[in-house]
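Work through these exercises with the structure open. Each task is followed by its solution.

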Amino acid sequence: MSIPQERRVVTAIPGPKSQELLARKQAAVPPGVGTTLPVFVTRAGGGVVQDADGNSLIDFGSGIAVTNVGNSAPRVVERVRKQVADFTHTCFMVTPYESYVRVCEKLNELTPGEHEKRTFLVNSGAEAVENAVKIARHATGRPAVVVFDHGYHGRTLLTMTLTAKNMPYKQGFGPFAPEVYRVPLAYPYRWPTGPENCAEEAAAQAIDVITKQIGAQNVAAVVIEPIAGEGGFIVPARGFLPRIAEFCKQNGIVFVADEVQTGFARTGTLFACEDEGIVPDIIATAKGIAGGLPLAAVTGRAEIMDKVHPGGLGGTYGGNPLACEAALGVLETIEAEDLVAKARRIGEIMLPRLEALKERFDLIGDVRGRGAMIAIELVEPGTKEPNPAAVAEVVKRCHADGLLVLTAGTYGNVLRFLPPLVIPEHLLEEGLGILEKAIADL
């Protein structure tokens with residue numbers, strides 16, 4: 001049954017039933033598991049989520065870029081329904097099944113580069129990134145891993161170490177993993193000498209740190225998000241990523257693209273690194289891969305992936321058959337509904353509207369993003385001083401008015417927008433109107 005594609009606010013947000021459920025959550029779940037908007041969802045699809053009180057909210061979050069094809073997308077539902085009746089688990093490492101192989105074949109085909117590839121499946125983005133590092137270290141025999149300012153890669157010990165932001169991801173959870181080094185990211189809005197110098201200077205600084213402080217011969221992998229996610233949807237200055245990738249190639253370093261948030265049509269190409277023609281040695285994917293079921297993948301050059309001894313990779317639930325069928329449904333949906341083009345269309349609608357807002361309100365310091373991965377950075381008017389208080393107030397007003405939005409940024413001052421790629425345009429426009437009112441009313 002389809003869900004009406006309309007915003008409907010019939011109670012306060014959150015309503016009484018959600019508040020009752022929130023009290024139960026607080027009694028049963030540790031407070032470390034935070035909640036952005038405590039409405040308890042009962043149904044979702046297209047561009048809306050419905051809650052226990054009958055409210056229908058416009059979804060600008062997609063479960064943090066997971067439901068790119070929409071919640072309960074028909075092709076995903078059909079495949080999962082059939083699979084759950086056949087079998088739910090065997091462990092691919094014990095008795096394999098075809099859907100796992102088909103997902104790997106599709107990723108080998110669709111990820112950037114014409115070289116021979118191998119893929120294996122895990123459960124989460126953090127697990128994919130961690131395994132990419134494991135493989136790179138094994139293949140190169142080197143210990144060091146280089147990451148970037150503002151990067152986010154997960155919450156396991158290693159990926160928490162790779163992640164730049166301390167609160168809330170790292171505070172109190174150390175000591176951290178060794179041999180992880182951080183270098184500058186080309187952040188155009190905040191580059192000291194201006195965006196026009198950002199790519200060249202940031203790349204030069206990063207390479208200088210690697211060569212002088214670490215030693216390129218000691219680096220197994222450079223791990224980078226083609227667009228920084230939790231760090232604030234930072235689109236690196238053009239030319240920066242190709243320069244880093246070329247440096248890796250020249251020095252036998254495995255270039256790992258963390259496409260967990262940017263992948264599967266989100267940025268207007270199937271994978272974000274395609275925008276500048278980057279061909280990663282290893283690409284980590286998750287989130288949008290399986291329409292909401294837990295699945296992630298590590299895809300890489302065959303000569304690198306094949307270095308690991310039998311039994312060195314795997315996991316009990318990795319490539320669960322339900323998740324594999326869901327992933328096949330997602331890939332079919334992206335192709336059949338041309339969601340790459342729809343992501344670009346979302347960008348064509350959102351970016352001009354947000355740029356116009358920036359002209360009106362000097363609270364907005366920067367508008368950035370590609371496709372359906374868009375953000376605005378809020379600052380103290382007349383400065384570049386981060387303004388997290390304004391972000392918190394805008395979010396509060398949007399939520400009360402039936403628009404689900406998310407925040408991001410190293411400084412907590414970024415509003416990020418990740419609508420489902422199937423969102424109807426009237427909901428996209430209505431959501432932007434709610435955002436505009438929230439900013440205007442500050």
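**Exercise 1. Find the partner of Asp 275 in a salt bridge.**

Step 1. The side chains of Asp 275 and Arg 238 meet in a salt bridge, at 2.6 Å from N to O. The term requires a side-chain nitrogen of Lys or Arg within 4 Å of a carboxyl oxygen of Asp or Glu.

Step 2. Asp 275 is in the loop between strand 8 and strand 9, and Arg 238 is in the loop between strand 7 and helix 8 (240-250). The pair links distant parts of the chain, 37 residues apart. Helices (H or I, at least four residues) and strands (E, at least two) are DSSP runs, numbered from the N terminus.

Step 3. The whole structure holds 26 salt bridges.

A note on the source: this is a predicted model, in which local features need pLDDT of at least 70, side-chain atom pairs count only at pLDDT 80 or more, and totals for chains, interfaces and linings use all residues. Residues are numbered from 1 along each chain as its sequence is written, and side-chain values use heavy atoms, with hydrogens and water left out.

**Exercise 2. Give the strand order of the open sheet.**

Step 1. The seven strands run in the order 4-10-9-8-7-5-6, with mixed pairing. Two strands pair if DSSP finds at least two bridges between them.

Step 2. Strand 4 (117-122) and strand 6 (180-183) are the edges; each pairs on one side only.

Step 3. From one strand to the next, the twist averages 20°.

Step 4. Look inside the sheet. Strand 7 (residues 219-224) and strand 8 (residues 254-258) run parallel, joined by four bridges. Val 223 has Val 256 in strand 8 as its bridge partner.

**Exercise 3. How do helix 3 and helix 10 run relative to each other?**

Step 1. Take the axes, which are lines fitted to C-alpha atoms, for helices over the stretch in contact; angles run from 0 to 180 degrees between N-to-C directions. Those of helix 3 (residues 74-86) and helix 10 (residues 321-336) come within 8 Å and cross at roughly 155°.

Step 2. Helix 3 and helix 10 are therefore roughly antiparallel, a label for angles over 145 degrees.

Step 3. Sort the contact residues: nine are nonpolar, three polar and four charged. Ala, Val, Leu, Ile, Met, Phe, Trp, Tyr, Cys and Pro count as nonpolar, Asp, Glu, Lys and Arg as charged, and the others, Gly among them, as polar.

Technical notes
Angles under 35 degrees count as roughly parallel, over 145 as roughly antiparallel, 65 to 115 as roughly perpendicular and the rest as oblique.
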